[in-house]
Amino acid sequence: MTSVLANGKHGENDSVRKEPLSTANLFKTLPETPEAVEARVVGMIPPWLSGVYLRNGPGQFEAGDDKVAHFFDGFALMHKFEISDGKVSYSSRFLRGDAYIAATEQKRLVYSGFGTVALPDPCKNIFSRFFSYFWPPPPSDNCNVNYLQVGEDFYALTESSKIVKIDPKDLKTVTTSDEATYDYTAVNLATAHPHYGKDGTVYNMGSSFGMQAYYKIIKFPSADLQRDSTVLCQIPASSSLYPSYYHSFGMTENYIVFVEQPLTINVLKILTAAYRRHSVADCMDYDGTRSVKFYVINREDGTIIPQTYIANAFFCFHHINAYEESGHLVVDLCCYDDISIIKRTYLNHIREGNLPSPKSLPKRFVLPLEKLLTDQLANHNLVSLPYTEAQACLLEDGSVHCSPEILINRYLELPRINYEEYNGKKYQFFYASSGDHKKLVKVDTLNKTSKEWTDSLCYTSEPVFVPNPGREAEDDGVVLCSMIDLKAAGRSPYLVVLDAKTFQELARAEIPVDIPLGIHGIFIPEIK
């Protein structure tokens, strides 16, 4: 029997095992588990913790003889951890979107993905196949990244314009992507990281391509996703032929923060992708000499602050948080120096034993708002917040160059905060996975310190903070994380429950079936 210690390390039985670490358990096709199975709980789950933890991510990596090339393109497998009275049950289902149904019926990959190319239908006649090479590939509804909640409705998300409605009670697919899309706002791509206002309004961003490419801020003020969705703001792309790729954005109490980064989508390549047999990733370009641009948009009326904010080139998947203080806009991001992480998540690279290890540093940028820019001298630091080393200098051309502060000098990804109370507000803590995915890390942004919990024999996923209903502090709650064994014949996967304050393990729920890695998730305190 494995003994579990408070710091997450393991007892003697595990220490003598000599199996080599393996990626086999992370990226293999697994069957769904539609009927809930009971987990074996070791330790004590807080009695107040009750609800459903939903996760999303790839779970099937082939269709017939066709193989998925990139991790981001595996077919969506939804996971449900139901927690109540100190017990945990687990179930999972594949998302029955058009992409999954077509692949299952035709036993081949029908839709192309982020890094995977689907070939034309061999059953079509030669003319149909020929002309299909000169038509942009249709967007996929393989929504394997995250979830969106609009009122009492839930949707699975990816980065295309397609979304799929699901029932969180049994994980069944409710509608196909033809019945739930962003078509009313005319975007070609959309993020899988929406934001939620205190009044229930949902915000997201999407891109539209054409003679002028735009980044659009989309607003859902009610439960009707399609009819009531509106475009709050259209930001013209710096280049319509090379609009920026982005995975997330920031939101404060009064502003939306968008980062136009130098990882761009080559529109001409996209238009000829089928002919060239290129995936979306093949149609991306990165220019390390091109500056990043920050756009600040008023949440009330959608106006763009005319001040230009720039920074040296970087790439970012995830915003940590953003907030306003004393005439400054503070923006925290996980930043990469290049885009090698995209190449390192191709499955042929991973299956050779190369675990994807994100090399992103948490950095803080501070943008002085317009009223602070009057009568300032060029090259003078405009940041007056006493607790940060971030700088912003007014250049002779009128733009403001922002230099970041490194919040803590360690590679971190998949950041989460106490979103319910601190998104868009000054905060102290965030939780993330370490660059090698063997540790969970709690970062204190005020004191620039960190705590960690580790299980060196497992691969961590995204840590999700759940607040204590009777909370008195920002970190009063628990952190949930799905852990995957790195040994091909090792222990069961498990859901770990950490005390968010002390970062010590409270309990783990050992799942009696295999679970793939997954990407993002949400906790729902109550399902109506």
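**Salt bridges and cysteines in a predicted model**

Biologist: Is Glu82, at 36% relative accessibility, buried, partly exposed or exposed?

Modeller: This is a predicted model, in which local features need pLDDT of at least 70, side-chain atom pairs count only at pLDDT 80 or more, and totals for chains, interfaces and linings use all residues. Residues are numbered from 1 along each chain as its sequence is written, and side-chain values use heavy atoms, with hydrogens and water left out. Buried means under 20% relative accessible area, exposed over 50%, and partly exposed in between (1.4 Å probe, protein chains only). Since its relative accessibility is 36%, Glu82 counts as partly exposed.

Biologist: With which residue does Glu82 form a salt bridge?

Modeller: A salt bridge places a side-chain nitrogen of Lys or Arg within 4 Å of a carboxyl oxygen of Asp or Glu. For Glu82, the closest N and O atoms are 3.5 Å apart, and the partner is Lys80.

Biologist: How many residues apart are Arg410 and Glu452?

Modeller: Arg410 forms a salt bridge with Glu452, their closest N and O atoms being 2.9 Å apart. Helices (H or I, at least four residues) and strands (E, at least two) are DSSP runs, numbered from the N terminus. Arg410 lies in the loop between β28 and β29, and Glu452 in strand β32, so the pair links distant parts of the chain, with a separation of 42 residues.

Biologist: How many disulfides does the structure hold?

Modeller: A disulfide is a pair of cysteine sulfur atoms within 2.5 Å. Cys481 is in none, as the nearest cysteine sulfur, that of Cys458, is 9.7 Å away. For the structure, the count of disulfides is zero.
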